[in-house]
Amino acid sequence: MDCGPLTRAYWAQWVDLAPEELGSPGVVVRLSQRRAAPLPGYPRAMQVYALCVGGQLAVSCAPSFEGAVRAALRGAGTDMDAFAQALAARTREAGMAGEMRRGHNFLYVGGGEPIGGARALAAADSPAYRAFYWELHGISEADWPLAYFAQCVEKGFSFGVFEGRRLACATDAPDMPHMAECVAEIGINTLPSFRGRGYASAASDAAARAIASSGRAPIWSCGQGNEASIRLALRVGFTPYARYLTFMA
């Protein structure tokens, strides 16, 4: 499956562009009222979302941030690093408190033989998942992890690696803010005591193949500097696609 068109259409929605507009060289700014509210699946509103892809810097922002964004772009052009520095300075000067995050988006190209060693998780695995989640996050009483697990299992894109009866590594399938019928993002966690054994590669590879086999495009994103996630993405068939920036007030 060629995941390029769906991946392009998905990320174009993040910056309020038509798919054919994404990646054209130059700077594009779109004002969006929806930036004032959190997107589905995200706890906070992203007043600014920017993508750097194919020689283009595309920025979607809330109208209240237009001045800061355009001022930051004046000296930055399509340079994401320069834009990030300038935007941080402009928002600070304007008293716009918030958190800036940067990272990478990837395109699934697949290829190679399946890694193997992971299996699809089922409803019967909920006790193992509960123990897994508790060890990972230190939360045992919250009901939402099991409801979320059931949702992920229903989608069919959650895979895990077991050591005996103990779940050592698992992928999840978070809600998508756009094009939920066309794309699915891969989340991956491994218990600290089982890291470095290739379990994350096995589970992520199985999840990506299952998503692509369903006709959807697998989505992978990670924060800037998360070298482990970048290496894992490359290992299981992803290639760099874009760099992103968010500003959450």
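W14 counts as buried because its relative accessibility is 1%, where buried means under 20% relative accessible area, exposed over 50% and partly exposed in between, with a 1.4 Å probe and protein chains only. The model is predicted, so local features need pLDDT of at least 70 and side-chain atom pairs count only at pLDDT 80 or more, while totals for chains, interfaces and linings use all residues. Residues are numbered from 1 along each chain as its sequence is written, and side-chain values use heavy atoms, with hydrogens and water left out.

**Aromatic pairs**

A pair of aromatic rings is described by the distance of the centres and the angle of the planes. Rings of Phe, Tyr and Trp (its six-membered ring) pair if their centres lie within 6.5 Å; planes under 30 degrees apart count as stacked, over 60 as edge-to-face and the rest as tilted. The structure holds 13 aromatic pairs. Two of the pairs are listed here.

| Pair | Distance of centres | Angle of planes | Class |
|---|---|---|---|
| W14 and Y49 | 4.7 Å | 40° | tilted |
| Y49 and Y244 | 6.1 Å | 10° | stacked |

The pair of W14 and Y49 links helix α1 (residues 4-14) to strand β2 (residues 48-53), across 35 residues. Helices (H or I, at least four residues) and strands (E, at least two) are DSSP runs, numbered from the N terminus. Y49 is in strand β2 and Y244 is in strand β11 (residues 238-248), so their pair ties together parts that are 195 residues apart in sequence. Y49 has 3% relative accessibility and counts as buried; Y244 is buried too, with a relative accessible area of 14%. Ring pairs join Y10, W11, W14, Y42, Y49 and Y244 into a cluster.

**Nonpolar cores**

A nonpolar core is a set of buried Ala, Val, Leu, Ile, Met, Phe, Trp, Tyr and Cys residues joined through side-chain atoms within 4.5 Å. The largest has 65 residues, and those with the most contacts inside it are Y10, W11, L22, Y49, L51 and F238. Helix α6 (residues 199-213) supplies the largest share of this core, 9 residues. A second, separate core of 20 residues includes V59, M80, F83 and F247.

Contact means heavy atoms within 4.5 Å. Leaving out residues up to four places away in sequence, L51 touches W11, V15, L22, Q56, L57, A58, M80, N105, A242, R243 and Y244.

**Helices α4 and α5**

Two packed helices are described by the angle between their axes and the distance between the axes. Axes are lines fitted to C-alpha atoms, for helices over the stretch in contact, and angles run from 0 to 180 degrees between N-to-C directions. The axes of α4 (residues 126-137) and α5 (residues 144-155) come within 10 Å and cross at roughly 130°. That makes α4 oblique to α5; angles under 35 degrees count as roughly parallel, over 145 as roughly antiparallel, 65 to 115 as roughly perpendicular and the rest as oblique. S126, Y129, R130 and Y133 of α4 make the contact with W144, P145, L146, Y148 and F149 of α5.

**Single residues**

D16, in the loop between α1 and β1 (26-31), has a positive phi near 60° and is not a glycine. At 26% relative accessibility, D16 counts as partly exposed. M179 is not a glycine either, and its phi is positive at about 50°; M179 sits in the loop between β7 (166-172) and β8 (183-185).

R70 belongs to helix α2 (residues 66-76) and is partly exposed, with a relative accessible area of 39%. The C-alpha atoms of R70 and V29 are separated by 8.1 Å, and the two residues are 41 residues apart along the chain.
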